[in-house]
Protein chains: 2
Amino acid sequence: MAVTFPRGWRAGSAACGIKAFTAGASAIPSGQKDDLAVVFSDRPCDAAGVFTTNKVKSATIVIDQLHLRQNRVQAVVINSGNANACTGAQGYKDALQMAKLTADRLDLDPPQVVVSSTGVIGRYLPMDAVKTGIAAACASLTEAGGEGAAKAIMTTDTVPKQSTGVVQIGGVEVRVGGMCKGSGMIHPNMATMLAYVTSDAAVEPGFLSQIVKRVADGSFNQVTVDGDSSTNDSFLVLANGAAGNPPVAAGTPEAEALEAALLAVARDLARQIARDGEGATRLITVGVSGGASSEEARMAARAVASSSLVKTAIHGGDPNWGRIVCALGYSGAELAIDRLELSIAGLTVFSRGAGQPVDLDAVRAAFEQPEILIHAELGLGEGSAEAWGCDLSEEYVRINADYTT
Amino acid sequence: MAVTFPRGWRAGSAACGIKAFTAGASAIPSGQKDDLAVVFSDRPCDAAGVFTTNKVKSATIVIDQLHLRQNRVQAVVINSGNANACTGAQGYKDALQMAKLTADRLDLDPPQVVVSSTGVIGRYLPMDAVKTGIAAACASLTEAGGEGAAKAIMTTDTVPKQSTGVVQIGGVEVRVGGMCKGSGMIHPNMATMLAYVTSDAAVEPGFLSQIVKRVADGSFNQVTVDGDSSTNDSFLVLANGAAGNPPVAAGTPEAEALEAALLAVARDLARQIARDGEGATRLITVGVSGGASSEEARMAARAVASSSLVKTAIHGGDPNWGRIVCALGYSGAELAIDRLELSIAGLTVFSRGAGQPVDLDAVRAAFEQPEILIHAELGLGEGSAEAWGCDLSEEYVRINADYTT
């Protein structure tokens, strides 16, 4: 149930044929999956978001940033099948209309609703279908509706992505839930990623806006490379206070505990995106320590996790660690080749400026596990980070994977 | 004959089994293709290079930068099958030894030889094989040897890449020739690109070092993204003066004419790299005009040409121009969506902030040509640029190409 795991949250979904109507269909196709979701809190939330850095933004992003300023959000409406991006003035009207239709059904003001869309760019939303879907989703809100919502927001995803966690704050059990969509493909960052983390924590107003960027940097931004994102990427965190804990204020141990719980759910979701990469068979986890800074460690880890040549080598079971060193080299992070220590599944493959004798069969076996751990110690400072990717298959692999063998 | 088209240039090549010996073979495989080339000028050249920005550099790059400082280069030795990168102190010894072995055969000093390697990272060069190859290549130098050299430097390339041009300077016909290797794959920038442009122009000493970066920016850097390059990427320009023209000095009309001729050959080679992309069936040429600056226009054009989603849409014949707008949006270049005019094969698909009515069948037909022209007018300034890419096929395509249909 994920986003409806925290107290005071319900969700509903509906099938309204948005992708089909966008492409010109005249009726909902049979077997149409749900493509519209509404997530609702029984009281206003503290809320914050991180959005795409693309200069071309979906109308929904602009509307959401406006609505979040009032900080009394109580519902999220999300459609798949049409991104409502590059749609000019009509796009803004349609995004606002989605908020208004949802608000009307739930007895809210439109600024209490945030809106997300994912799908094809450059086509107007089929608003008749959207209107029908919003009515149906709002009519079906339940505490068990989180799973349906997670399915409704999927596009090329092969599995719904959900996560939950609990944390004790002020003697009270606080719950966290989350869902996301997005496929970690060759350019993971170019397919829209939508992610929502809900909680029943009580927090001081504005608390979430102080931590949301850090949570994104430690999770979704390590699958989706900064500055290279789709028109619609969105990550929202909402906390409604239903747990009844003393409101969490920034700079306290409780704030740290809550941030850690939100980060844990966000990281779990980010890893699920990498694992569900298009055509992927393995999760690649890249750990970097000893970076000159945390930001540099994040850059280095991302470069390795998103390198097509590393991905194909791993898919092909080819222990070609040279490609990992190459990716670290172009990551932009400071690198002193003689201080670098590189290991794959705990086996040191590179140190003191050159390759080390290693049991290549053991490396190859490590590459064949469902999760592959690559670790780089840069030997420069205290910065550390993780990033996640997946392997790459098919023709590209046939050309590259056997390069050293 | 390409690199041996200008006067005073010869080339030779040999098969010495470098890839096989690197992988542990004990003899040259039968049918081994040539994998070592020597290009030789009968007199010292003005020479300049642009090299990888990767922090992990092949030993050859470091040696070349040293040798170019003396500016009396007369020969280039190149091997495929082993990149001599991440090879520590031994790598430097081996690269120097390649220069020395070549110099000895050609009666030069070692600093008169520049060295390139391409192939697997992290393995020591099999120097016995290299030594045999250098002797054989130097013994086979001919004026017709350019084609053999272009083949010897290939790795995953499916065709040798060569180009020639002529230009009148001071009443004299000056010749330019070039060869390169590199496959414009999903991440074009991650496979090593080696490129060599030779000329018989006479130039003032140091002239080429003043223009080489501009030539690279208008050609190879528009296939290979800056800052994201392999350990070995190299582009060298060498002019030996055999044409007998009055030496070209910077800032003169003759300098402009020569730079244009060098750029034309470099651009032709760059386009060949894109066209030979792994699995590619079409060349994509992206023109950008009206950029806030030339550098921004280059960034915008590169982003579109290297977008996997644009590449798959084109492969699938899917006129999904939204993906082009999205790529422009994350390129980093300034973009005012209401000023953008986008055309595919001359058909306007986007202007005034929204998609335009267009004959989708005509767009689809344009996508099916061997070369697809995409043009974006940004409406911001005077910056213009071109970039080249190729389409993307296989599973990734099956998932993405039909997204709007």
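Author: Two residues are in contact if their C-beta atoms, placed from the backbone, lie within 7 Å. This is a predicted model. In chain A, take the contacts with a separation of 6 or more. Residues 24 or more positions apart account for 81% of them.

Reader: What makes a residue of chain A count as buried, and how many do?

Author: The cut-off is 20 or more other C-beta atoms within 10 Å of the residue's own C-beta. Of the 405 residues of chain A, 64% count as buried.

Reader: What makes β3 and β6 of chain A edge strands?

Author: Two strands pair if there are at least two bridges between them. The sheet is open, with five strands in the order β3-β9-β8-β7-β6 (chain A) and mixed pairing. β3 (46–51) and β6 (161–169) of chain A each pair on one side only, which makes them the edge strands. On average, neighbouring strands of this sheet are turned by 15° against each other, direction ignored.

Reader: How do you know that β6(A) and β7(A) pair, and in which sense?

Author: Pairing needs at least two bridges. β6(A) and strand β7 (residues 172–181) of chain A have nine, so they pair, in the antiparallel sense. Ser163(A) has Gly178(A) in β7(A) as its bridge partner.

Reader: Which strands does α7(A) lie across, and at what angle does it run to β6(A)?

Author: α7(A) lies across β6, β7, β8 (194–199) and β9 of chain A. The angle to β6(A) is about 165°.

Reader: What is the order of the five strands in the open sheet of chain B?

Author: The order is β3-β9-β8-β7-β6 (chain B), and the pairing is mixed. β3 (46–51) and β6 (161–169) of chain B each have a single partner strand, so one side of each is left without a neighbour in the sheet. From one strand to the next, the twist averages 15°. Helix α2(B) lies across β3 and β9 (234–239) of chain B, at about 150° to β3(B).

Reader: How do you know what span to expect for α3 of chain B?

Author: Take 1.5 Å times one less than the number of residues. Helix α3 (residues 88–106) of chain B has 19 residues, so 27 Å is expected. Its C-alpha atoms reach 28 Å from first to last, close to that value. Just after α3(B), Asp107(B) takes a positive phi of about 60°.

Reader: Which residues of α3(B) are buried, and what do they pack against?

Author: Among the buried residues are Ala95(B), Met98(B), Ala99(B) and Thr102(B). In an α-helix there are 3.6 residues a turn, so residues three or four places apart point the same way. The buried residues of α3(B) pack against β2 (36–41), α2 (59–70), β4 (75–82), β5 (113–120) and α4 (127–139) of chain B.

Conventions:
Residues numbered from 1 in each chain as written. Chains lettered and ligands numbered in written order. Predicted model: local features only at pLDDT ≥ 70, side-chain atom pairs only at ≥ 80, totals over all residues. Helix = DSSP H or I, 4+ residues; strand = E, 2+ residues; numbered from the N terminus. Buried ≥ 20, exposed ≤ 12 C-beta atoms within 10 Å, placed from the backbone. Axes fitted to C-alpha atoms, helices over the stretch in contact; angles between N-to-C directions.
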